[in-house]
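Open the structure in your viewer and keep the selection tool at hand. The stops below begin at the ligand and then move to other parts of the chain.

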Amino acid sequence: RNYLHFESISSTNDYAKEIAPSAADGTAIVAEEQTSGRGRMGRYWVSNKGQGIWMSIILKPNLSPNEAVKLTQVAAVAVIETIKEIADIRSGIKWPNDIVINSKKVCGILTEMNGEIDRVNFIVIGIGINVNVQNFPEDLCGKATSLSIETGKILDRKPLTASILNNFEKYYRVFLIDGFSSIRNLCKEYSLTLNKDVKVIINNNECIGRAVDIDDDGNLIVVFKNGEKKTIASGDVSV
Ligand code: BTN
């Protein structure tokens, strides 16, 4: 497998996008440290040296963008199974793709793609897992956690990284061969959002509804107090 390792990099996602046009499908980029790690919605991602897994995977599937976005869910399932396997902890998915333990975020996924309406050229799945972080900046306290905080142990990042890549590959194959349905079922099983009340921002208004399903496109189905049912494609949903 193509595997690139860096001591320090700005962002593995940025580097992945740069080399993606000529990189092989499945190339993984791992860094010890990111100097400008990025999160969703333009947020910063704390990525200190040796503290976590800061990784991007370049994929070149023959898929439309609508299908390719579901690979975020494939990655979420892979991370959850790795955390169970290696740290023996149950984690869950806060829709759409935050991995959470005891209500605190341990992993975020940033998917970026390049392509046309009917076909992607490449897709970059960025995975950030807080492994050995002990202290978070003040604004993240109470919101973020690490595998080390949750287990009380310092964990070796190598077997974790290998396990994520193996699990990802396994479910990537399942997805390409059998389609989304078994991934969707796993996402529903691991979902911390399903059957809970959620706040959804619609046209700048905060609406409260109940998350009742994740559909075959990975969207969240929410039923509001007035009985109205809405399909939520992305954005911030909080329980
Ligand atoms: C989020 O939850 O907002 C997504 C966080 C994604 C962080 C990872 S770390 C590796 C990759 N490179 C980045 O700059 N971001 C992603």
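Start by selecting Lys-105: one of its polar side-chain atoms lies 2.6 Å from an oxygen atom of the ligand. A polar contact is a pair of N or O atoms within 3.5 Å; within protein, one must be able to donate a hydrogen and the other to accept it, and residues adjacent in sequence count only if both atoms are side-chain atoms. This is a predicted model, in which local features need pLDDT of at least 70 and side-chain atom pairs pLDDT 80 or more, while totals for chains, interfaces and linings use all residues. Residues are numbered from 1 along each chain as its sequence is written, and side-chain values use heavy atoms, without hydrogens and water.

Now select everything around the ligand. The shell has 20 residues, and among the closest are Gln-34, Arg-38 and Arg-40 (near means a heavy atom within 4 Å). Which strand gives the most to this shell? Strand 6 does, with four residues. Helix 1 (12-19), strand 3 (52-59) and strand 7 (120-130) are also among the elements that give two or more. Helices (H or I, at least four residues) and strands (E, at least two) are DSSP runs, numbered from the N terminus.

Move on to Trp-95 and Pro-96, which are joined by a cis peptide bond with omega of about 5°. Pro-96 is in the loop between strand 4 (92-94) and strand 5 (98-101).

Then select Asp-88, in the loop between helix 3 (71-87) and strand 4. Asp-88 is not a glycine, yet its phi is positive, about 55°.

Finish in helix 5 (residues 157-178), where Phe-168 and Tyr-172 lie four residues apart, about one turn of the helix.
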